[in-house]
Amino acid sequence: QALAIAPSYAWAWNGRGLAFAALDQWEDALACYEEATRIAPQDVWFWHNRGEALMQLERWEEAVRIFSKALEIDPAHKPSREKRTVARQHLNGTDG
């Protein structure tokens, strides 16, 4: 309902993405996170969530790129740094 009232409200898009993620609907979650990052490109958590969705879809190269973008915004963002490391391991075939 928040999106019907204010479609440019990034937090509503992020929240919708979280709901899709909870249902394991990662393509839908990704689309929501993409919209959130388009509206509010300086929010590190929107980029982080987008990277998480890409990891769930096993799109490792894109995930690395997105987590790197999150780290450009906040170099101290530990969750994005850790997830980028995991995505790189998968990309390089060293995930276990």
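## The α4–α5 pair

The crossing of helices α4 and α5 is left-handed. This comes from a predicted model. Helix α4 spans residues 44-56, and helix α5 spans residues 60-73. Two packed helices are described by the angle between their axes and the distance between the axes. Here the angle is about 165 degrees, and the axes lie 8 Å apart. Angles over 145 degrees count as roughly antiparallel, so α4 and α5 are roughly antiparallel to each other.

## Who makes the contact

Which residues of α4 and α5 make the contact? From α4 come Val-44, Trp-47, His-48, Arg-50, Gly-51, Glu-52, Leu-54 and Met-55. From α5 come Trp-60, Glu-62, Ala-63, Ile-66, Phe-67, Lys-69, Ala-70 and Ile-73. By type, the residues of this contact divide into 10 nonpolar, two polar and four charged.

## The nonpolar core

The largest nonpolar core holds 23 residues. Ala-29, Met-55, Ala-63 and Ala-87 touch the most other members.

Leaving out residues up to four places away in sequence, Ala-63 touches Gly-51, Leu-54, Met-55 and Ala-87. Met-55 and Ala-87 are, with Ala-63, among the core residues that touch the most other members.

Ser-68 lies in helix α5. Is Ser-68 buried or exposed? Its relative accessible area is 18%, so Ser-68 is buried. Beyond residues up to four places away in sequence, Ser-68 touches Arg-84 and Arg-88.

Ile-73 is also placed in helix α5. Its relative accessibility is 21%, so Ile-73 counts as partly exposed. The cut-off for buried is under 20%. Which residues does Ile-73 contact, leaving aside neighbours within four places in sequence? They are Pro-41, Gln-42, Val-44 and Trp-47. Ile-73 and Trp-47 are 26 residues apart in sequence. In space they are 9.3 Å apart, C-alpha to C-alpha.

## A residue of α3

Asp-28 lies in helix α3. At 38% relative accessibility, Asp-28 counts as partly exposed. Asp-28 and Ala-53 are 25 residues apart in sequence. In space, C-alpha to C-alpha, Asp-28 and Ala-53 are 9.3 Å apart.

Note on methods:
Residues numbered from 1 in each chain as written. Predicted model: local features only at pLDDT ≥ 70, side-chain atom pairs only at ≥ 80, totals over all residues. Heavy atoms only, no water. Axes fitted to C-alpha atoms, helices over the stretch in contact; angles between N-to-C directions. Helix = DSSP H or I, 4+ residues; strand = E, 2+ residues; numbered from the N terminus. Parallel < 35°, antiparallel > 145°, perpendicular 65-115°, else oblique. Left-handed = near helix turned anticlockwise from the far one by under 90°. Contact = heavy atoms within 4.5 Å. Nonpolar A, V, L, I, M, F, W, Y, C, P; charged D, E, K, R; others polar. Core = buried A, V, L, I, M, F, W, Y, C linked by side-chain atoms within 4.5 Å. Buried < 20%, exposed > 50% of the residue type's maximum accessible area, 1.4 Å probe, protein only.
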